[in-house]
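Open the model in your viewer and keep the selection tool ready. This tour goes stop by stop.

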Amino acid sequence: MGLTKQYLRYTGTALFGVVASQKGNIAYVTLRGDKGRYVAVPACEHVFIWDTRKGEKVLILQGLKQEVTALCPSPDGLHLAVGYEDGSIRVFSLLSGEGNVTFNGHKAAVTALKYDELGGSLASGSKDTDVIVWDVINESGLYRLKGHKDAVTQVLFLKGKNILVSSAKDTLVKWWDLNTQHCFKTLVGHRTEVWGLALVAEGKLLLTGSADSELRAWSINHFQENPDPNEPQYKRSKGPSASPEESSEADKAEDQEETQEEHILSCTKAGSIMREGRDRVVTLATDRTGRILACHGTDSVLEIFYVLSEEEIRKKMEKKMKKARKKAKQRSNEEEEEEEEASGSLECSLPEKIVRLVNLKASAKIKSTLQCIRTMSCEYALCSLFVPGDRQVIVGTKAGKLQLFDLASGMLLETLEAHDGALWSMSLSSDQRGFVTGGADKCVKFWEFELVKDENTVQKRLSVKQTRVLQLDEDVLCVRYSPNQKLLAVSLLDCTVKIFYTDTLKFFLSLYGHKLPVLCMDISHDGALIATGSADRNVKIWGLDFGDCHRSLFAHEDSVMYLQFVPKSHLFFTAGKDRKIKQWDADKFEHIQTLEGHHQEVWCLALSPNGDYVVSSSHDKSLRLWERTREPIVLEEEREMQREAEYEESVAKEDQPVVAGETQGEAGLAGKKTIETVKGAERIMEAIELYREETTKLEGHRAICRAAGKEVPFPVNPILLAHGSISPAAYVLEVLKKVKSSELEESLLVLPFSYVPDLLRLFSQYLQQDAEMELLCRALLFLLRIHFGQITSNQMLLKVMENLKETAIAKVSQVRNVLGFNMAGLQFLKREIEAKDEVTFFADATDRFEEKRRKRKKREKTILAVV
């Protein structure tokens, strides 16, 4: 069946008008070797990197559909981890701008990201209350940490320790031992949500910011890692000492439990610092040295603190002691003794250790002049239109005023009191001599353009004058002229649309049927149809000759905010609060396509006169440009693609597979079931089935050759032929290698047990061939973990498992020896180079280079100052 009517596809071509989105954090990144110059910001689904010196956009990290919610640069400065609203995490290379690694594990938006000191591990927190630790090098998830009861707000690694600290909206700060994957300590000293964490004083002080104006400080003390064997195991005692016979079993158990809980470190409250801001903390951050602490809330004040070093604290204490002794000498001898005793017990308080430096007040206004040709300051604008000639703009405000601006200079020319209430809608007349306005004062007013003498200059300037008023019974929400200007459509708060004759203002038609007020409408180019969009989520198409309703369409999941016909056609676009833009055919009453991209409510649209371009504006502060391509749309294919997308979404929302015999504890699997993991499992299943078929065919071929007494040609499977005539076993390994490292465990978890025996036999072959040792051992151990009971009870697999055990242990030892030899060789080379050149290597060399650079800059500044 051929195409009866051809529709052309619209695709998104540009995102503009946005500097940064408010959902995610910003982060300085190292680009082209420069530090402190380039800043990465979330911009809807993309990440923009701005040059702060030039004010230019230098790089765009392209996202897919979901909005960016978290950013974190790697310690080496080469990568940027980006968290999205759907729970996925992508790691971008800042050299190429490509996202090579994707992690899928969270079920809700990612709220916190943090690399460890070396950049090998990445911790992520989410609104689903879980913390997941990812292996960035191996591109896989390590484990999921469960314990928080609300969205995670911040995660931190402790330097030099395998410990993770996480805070959440449940008012708790949890300490996780990553060696055993369990929470060994919980801080419960907050009354409201904990929004920020920061480590200062070389990791000895933890600062937490919550929804009040208090920054709480917690002192961290690490216990001795290798205790003296001669010391008793538990030193703690509760109350007066008692003999072992007198102490009860309950006291012993309680004491032992508490000691085991705090055997890693102790964390006690050290005090608090009062902020000037009253609202919640948005961000707590430190510089690289951990000496400068910055804190800002929901207001425009940035508070900066300086953390004193131990040497500075010691000097401060000495000065304090001297002052105390001087005061003591001025008093009597008895008082002197008392003062000396008191001065010996002097302590440095927390506000003395952390000194407030300065408060910076930022401007609340953020403007971008990169694509914007003119910015005009006006009142709360509700509607606008260009005056014919495109030299002036008229803006309707919430206060009911009309503001006339000059586009070239951006100056306000005139302000008119038009309506007593909000001015909701404006429509330009087709003869371009005037326009009509509708407002909340139940009036429709007609205006004409005129030239008046300017008071400041001799020349005349444009102005507007009111000509007529149409009084109605309800608030006016929208007004539209018909293209021939014979009719005027007015939507009212009583859910109806009234049609009037423009010349006499006599009533012509009433369109009623919507359950909620009509928010938008438009009349087709030939004046035959009028389409109305309402807050009841429906679009109705009416005939303008008799006012009959041709069809009612359920258009959006929320209110329809804007509607406009494509010029010279009966196709029209609608925009809704459900973040979608949809195209419809008013003749066939069909939904043609959906344009998705905005992350919040879409308020309005504009179409170019030829219909080739659509510009949409949204509450996410972005403007999007959509271009009509030459690609035709087949509606059946569109419906099929929509069904597939819905199926893929439903797969991700299904119950996650459970490992047999494992109980739900604090730690769990890092990944989650997605359509990609299901497809990966299907590819492995297909490869094993092909291996089975080819093995059976090969055995049959050998029997035929034996019976014939000669070699008979064997037909090669086309799939194997396409891969270079490889063996079926090698093909299975190729498929296994193509499964993403981050999705391997979840794909194997979905795999039915009937395919596992064949995989284990193949693994035995691969290990003997020294092929992909790391991948095979990882898959083998995971399969043993999830199918342990069935594998051990299967007599057929006993011999296979014995072979695997011997081979795997021998091969792993061999690989370990090679790695050890290589490491020793590298250490030897490092020592040789250092001894030869008398310079330090790697990290030390970088530090020295930075120090020299700083000294050179300081010297240059001194010379300039002298000059």
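What share of the contacts in the protein chain with a separation of 6 or more comes from residues 24 or more positions apart? The share is 48%. Keep in mind that this is a predicted model.

**Stop 1: the whole chain**

Show everything as a cartoon. The protein chain holds 14 helices and 49 strands. It has 867 residues, and 43% of them count as buried. The accessible surface is about 48,200 Å², and carbon and sulfur atoms own 52% of that.

**Stop 2: the largest nonpolar core**

Select Ile684, Leu748, Leu759, Leu760 and Phe763. These residues have the most contacts inside the largest nonpolar core, a set of 42 residues. Next, colour the elements that give two or more residues to this core: helix 6 (675–708), helix 8, helix 9 (744–750), helix 10, helix 11 (773–786) and helix 13 (798–837). Which helix gives the most to this core? Helix 11 does, with 9 residues. In soluble globular proteins, nonpolar side chains tend to be buried together.

Zoom in on Leu760. Setting aside residues up to four places away in sequence, Leu760 touches Leu780, Ile791, Leu797, Val800, Met801 and Leu804. Then move to a second, separate core of 17 residues. Select Leu156, Val165, Leu206 and Trp218, which are among its members.

**Stop 3: helix 8 against helix 10**

Select residues 728–738 for helix 8 and residues 756–768 for helix 10. Their axes come within 11 Å and cross at roughly 100 degrees. Helix 8 is therefore roughly perpendicular to helix 10. Show side chains at the contact. Helix 8 brings Ala729, Ala730, Val732, Leu733 and Leu736. Helix 10 brings Leu759, Leu762, Phe763, Gln765 and Tyr766. How many charged residues does this contact of helix 8 with helix 10 have? There are none; the contact has 9 nonpolar residues and 1 polar residue.

**Stop 4: helix 6 against helix 10**

The axes of helix 6 and helix 10 come within 11 Å and cross at roughly 75 degrees. That angle makes helix 6 roughly perpendicular to helix 10. On the helix 6 side, pick Ile684, Ile688, Tyr691 and Arg692. On the helix 10 side, pick Asp758, Leu759, Leu762 and Gln765. By class, the contact of helix 6 with helix 10 has 5 nonpolar, 1 polar and 2 charged residues.

**Stop 5: two loops with a positive phi**

Go to the loop between strand 12 (131–135) and strand 13 (140–145) and select Glu139. Glu139 is not a glycine, yet its phi is positive, at about 55 degrees. Is Glu139 buried or partly exposed? Its relative accessibility is 33%, so Glu139 counts as partly exposed.

Jump to Gln432, in the loop between strand 30 (423–428) and strand 31 (434–439). Gln432 also is a residue other than glycine with a positive phi, near 60 degrees. Gln432 is partly exposed, with a relative accessible area of 45%.

**Stop 6: Cys378**

Finish in the loop between strand 25 (354–361) and strand 26 (381–386), where Cys378 sits. Cys378 has a relative accessible area of 35% and is partly exposed. Which residues is Cys378 in contact with, leaving aside neighbours within four places in sequence? They are Val395, Gln403 and Phe405. Draw a distance from Cys378 to Val395, 17 residues apart along the chain; the C-alpha atoms are separated by 8.2 Å.

Methods:
Residues numbered from 1 in each chain as written. Predicted model: local features only at pLDDT ≥ 70, side-chain atom pairs only at ≥ 80, totals over all residues. Heavy atoms only, no water. Axes fitted to C-alpha atoms, helices over the stretch in contact; angles between N-to-C directions. Helix = DSSP H or I, 4+ residues; strand = E, 2+ residues; numbered from the N terminus. Parallel < 35°, antiparallel > 145°, perpendicular 65-115°, else oblique. Contact = heavy atoms within 4.5 Å. Nonpolar A, V, L, I, M, F, W, Y, C, P; charged D, E, K, R; others polar. Buried < 20%, exposed > 50% of the residue type's maximum accessible area, 1.4 Å probe, protein only. Areas by Shrake-Rupley, 256 points an atom, 1.4 Å probe, with all protein chains shown as cover. Core = buried A, V, L, I, M, F, W, Y, C linked by side-chain atoms within 4.5 Å.
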